[in-house]
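I am opening a notebook on a structure that is new to me. I will look things up one at a time and write down what I find.

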Amino acid sequence: MRFKKSIFFLWVAVVYSNFNLFAQTGNMKKKELITINVFDDTIPRILFGVEKLKTALVQNGYDVTINKKEPFDESKRNIGLKNLFLGNESFSIKVITQKTLFVSGYDATGVLYGCLKLSEIINEKGKLPELLDIDDGPEMKLRGQCIGLQKSTYLPGRNVYEYPYTPETFPWFYDKKLWLQVLDSMVENRMNSLYLWNGHPFASLVKLKDYPYAVEVDDATFKKNEEIYRFITTEADKRGIWVIQMFYNIIVSKPFAEYNHIKTQERERPIIPLIADYTRKSIAAFVEKYPNVGLMVCLGEAMEGVGKDDIEWFTKTIIPGVKDGLKALGKEEEPPIVLRAHDTDAPSVMEAALPLYKNLYTEAKFNGEALTDPRPRGEWAKLHQTLAHLGSVQIENVHIMANLEPFRYGSPNFIQQSVIGMHEVMGGNGLHLYPQASYWDWPYSADSVNGKRLLQIERDWIWYEAWSRYAWKANRKRDDEINYWSNSLAMKYGCSIADGKKILEAYEQSGEIAPKLLRRFGITDGNRQTLTLGMLMTQLINPYRYGLFTLLYDAESPEGEMLIQYAEKEWKKEKHIGETPVQIINEVKAHADKAVAAITAAGKNIKKNTAEFARLKNDMFCYKAMAYHYAEKAQAALDVLRYKYSNDLNDLKKALPLLEKSVTSYKELVALTKSSYLYANSMQTQQRKIPIRGANGTFKTWAEVLVPFENELGVFKKKIDSLEQTATVVKADIKPLVNAIVRTIDSPGTYFTIEKGEKVFADTGLAIISCAPELKGMMGVKFGYKQQLAETASFSFVCDKPVKVLVGYFKKQRSAFTTDTIYLKEPELETNASADDYGQAETKILNAIAIDGMPSVNIHTYSFKAGKNTLKLGKGLCLILGFVDGNTVIPVYDAGLMSDNKDKNLDWLFE
């Protein structure tokens, strides 16, 4: 990727004597002589393309020489590279005369791609063709894949995203053979960008004069890092691939943090000069050392994420750091900076940054951390459109794929429609592609194959090829695409084209299942949910309890209804709108049946890659078991939700056999995965919440999750029996929470008692109307209303025993990128990886306090150890509602204050 937007023309000529592959001389065959004339031998990617062309010619029986100096002999046949007036990276291949074939490139990458295309044609036909007339070039400016230098679990003593580059942590990072395989696969797919993701890479790659203690690796490792990084970037450049190093803000190295007695990352920490100086000098040193490597900046998640801090950090630390590096090099040409829109007000940041730095790109997630819908809508689509209209390239990020892993996914049709949606809906002109599965476990997939690991780039070849094909050109005729992929699959598995078409049918039918399930029944588009592990009944009937991420339904799904909405409309006999749960229940079962039928029919005639085909076939059966499990459980949930309105026990009885069937289907999934997969999800930390919290690598297999599914079925049966006998619901005795003893340090305000009529802010008349009975008598900390809007809420305290702090968040819906609200956002793992460091991510009591003129209040708890502690919260209104003993079990339920009768809680039926 060249930084300067300029046009230059390059060409290469290939000279050959005649069209015949061999000239007979008695019984001997004489190879035809080909001369490849290269008129610019200074650019590595052109020479790389020429070598690929030479290899193809030699493999097909030609004798090849390369001429870099002399004019080519026009009396012989020629293949040349000349001027081309198309877009960046475009090329032309044309037979001009009987003796001349030209391969023309707009730029060096165009020359490379022309050579590669001609090589493919030669290999396909077995010879140089007599007639050729090709003009081609990519539609998307950037077409790249992502590799994470991150792990499925935390390193000892470190936090999320903190992974130094070491042989112990990433042994594959130093494997040059693997890198060549990756880069070769990328250039075969015409990808031109490689994103390396890491929280704080600088302390593994550069040394700072002012902060020598900040380096995270020893000298031997540092030298290895220098060597492999230069190897990767050099080999990538040969293939027309621009390496982009991503990093989070604000994270500092562990040695730097320990030396200065600070944390490596702290979301609520304000910008301080020491950290700003360290970060600026780290970036400057990186730019000076690796001037051809791009930078992707993630302003959100590790820092507060919204407000002026983002703008200040980008314009006063990041950009000046890049400029310092350029100044040290004596260069003025700006390397590209990609601004990631995640958890930041990207349009405002870009508005402030563009006057200071012109070579900026933007990037945002296409479907969150999943794949749900080819054509997003609403506010999310508007954000992408706004970024696309800034004049820079908007890159569409296909991110994490939490709903697809670990099963194979390769629906060319769904992928093609998604890329079309990127162009037509989002205004995107770039692709940033994550692995299809196991991002956190690169380079391996989750498959269990006799003790061996499969490489993602090999297992998921169709994922990379399909996205790349449509990033190059999206609008291709459907019939042509069916033929293309049927042929490709037939070649891979040694079967007929008709059987290849059946395999394609299996891919495309199964490719509808996970997107449809998540967009109708899911809690979140983020990787805190593992869709293939299923969902609890309480998650289906009471999604708001689990922190429902409404953007999933409002923007990343077609217009339609959730289970709770459908049940209400059914009871009220109202007209349904858009895609309904019942529709999806029927569709996913039909997709599953067709996928299994197609793959079974094709399996009779497989001659190549039989072991891999068997794994693919097993995945289709996994999709079927999962689809039926969800369909049966969702149908049961609708009957349970009807009971909310009818109070008719027969509705619960109708749900019981459906729930039993769902468990049977899940047992089939357990059997299918027991020996074929090591895990369902590659992220195995406390951030993963749904269906079951997965700390320390637990509940990552279907066999583990079957246990709570069987338990909820058993509880449901007992509750129905109990209801039949009593016909009433006996509520448990309410146990008020007990105040724990703490001593506050520099208290920001006075205390108040939670009871009716009590004012909750020091400078307003806002008072409690009602509260959940458990909270009565708790002693909260009274902040100022204006104080919370102006500065980060923070207070320190001392406790002799572990305590939990009760924090009330006002239940005001807002999208992940919205900034125009006065309320502090509830802990949300979609945008903040540290949102559960104190166990605060889960809502405990919903609708727990009613305050006149304010949204209802949800209760979360923060756990602290004995000793001196500080609770820091962001800017915005919230309530500190008191302290309880650390062993106190806070009830999890919906108190129902200031909420509609339709929100009546039924979770007790399953727990």
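My entries below go from strands to helices to ring contacts.

**Entry 1: strand β11**

I am working with a predicted model. I began with strand β11, residues 193–197. How many of its residues are buried? Five of the five are, so the strand is largely enclosed by the rest of the structure.

**Entry 2: the neighbours of β11**

Next I looked up what pairs with β11. Strand β10 (residues 142–148) runs parallel to it, and five bridges join the two.

I turned to aromatic rings. Searching the whole structure gives 47 aromatic pairs. I picked out phenylalanine 202 with phenylalanine 247. How are their planes set? The pair is edge-to-face, with 65 degrees between the planes and 4.9 Å from centre to centre. Phenylalanine 202 is in helix α4 (residues 202–205), while phenylalanine 247 is in strand β12 (residues 242–249). The pair therefore ties together parts that are 45 residues apart in sequence.

**Entry 3: a second pair**

I then took phenylalanine 810 and tyrosine 823. Their ring centres are 5.5 Å apart and their planes meet at 45 degrees, so this pair is tilted. Phenylalanine 810 is in strand β23 (residues 803–810). Tyrosine 823 sits in the loop between β23 and β24, 13 residues away. I checked burial again. Phenylalanine 810 has 2% relative accessibility and counts as buried. Tyrosine 823 has 13%, and because buried means under 20%, it counts as buried as well.

Some rings join up in a group. Ring pairs link Tyr163, Tyr165, Phe170, Trp172, Phe173, Tyr174, Trp179 and Trp442 into a cluster.

I also looked for charges over rings. The charged end of arginine 469 sits over the ring of tyrosine 484, 3.6 Å from the ring centre. Lysine 633 places its charged end over the ring of phenylalanine 709, again 3.6 Å from the centre.

**Entry 4: helix α14**

Helix α14 covers residues 478–493, which is 16 residues. It spans 22 Å from first C-alpha to last, close to the 22 Å expected at 1.5 Å a residue. Its buried residues include Glu481, Ile482, Trp485, Ser488, Leu489 and Tyr493.

Which helices do the buried residues of α14 pack against? I found α11 (412–426), α13 (461–472), α15 (497–510) and α21 (610–646). After α14 comes glycine 494, with a positive phi near 60 degrees.

**Entry 5: helix α16**

I compared burial in α16, residues 513–521. Nine of the nine residues are buried, so the helix is largely enclosed by the rest of the structure. Among them are Lys516, Arg519 and Arg520, along with Ile513 and Phe521.

**Entry 6: strand β24**

Last, I looked up β24. Seven of its seven residues are buried. Three bridges join it to strand β20 (residues 768–771), running antiparallel. In that pairing, serine 770 is opposite alanine 850 of β24.

Strand β28 (residues 893–894) pairs with β24 in the parallel sense, over two bridges. Leucine 846 faces aspartate 894 of β28.

Strand β25 (residues 857–864) pairs with β24 in the antiparallel sense, over two bridges. Isoleucine 849 stands opposite valine 857 there. β24 and β25 form a hairpin with five residues between the strands. Within the hairpin, glycine 853 has a positive phi near 85 degrees.

Note on methods. Residues numbered from 1 in each chain as written. Predicted model: local features only at pLDDT ≥ 70, side-chain atom pairs only at ≥ 80, totals over all residues. Heavy atoms only, no water. Phe/Tyr/Trp six-rings, centres within 6.5 Å; stacked < 30°, edge-to-face > 60°. Helix = DSSP H or I, 4+ residues; strand = E, 2+ residues; numbered from the N terminus. Buried < 20%, exposed > 50% of the residue type's maximum accessible area, 1.4 Å probe, protein only. Lys NZ or Arg CZ within 6 Å of the ring centre and 35° of its normal. Pairing = 2+ DSSP bridges. Expected span 1.5 Å × (residues − 1). Contact = heavy atoms within 4.5 Å.
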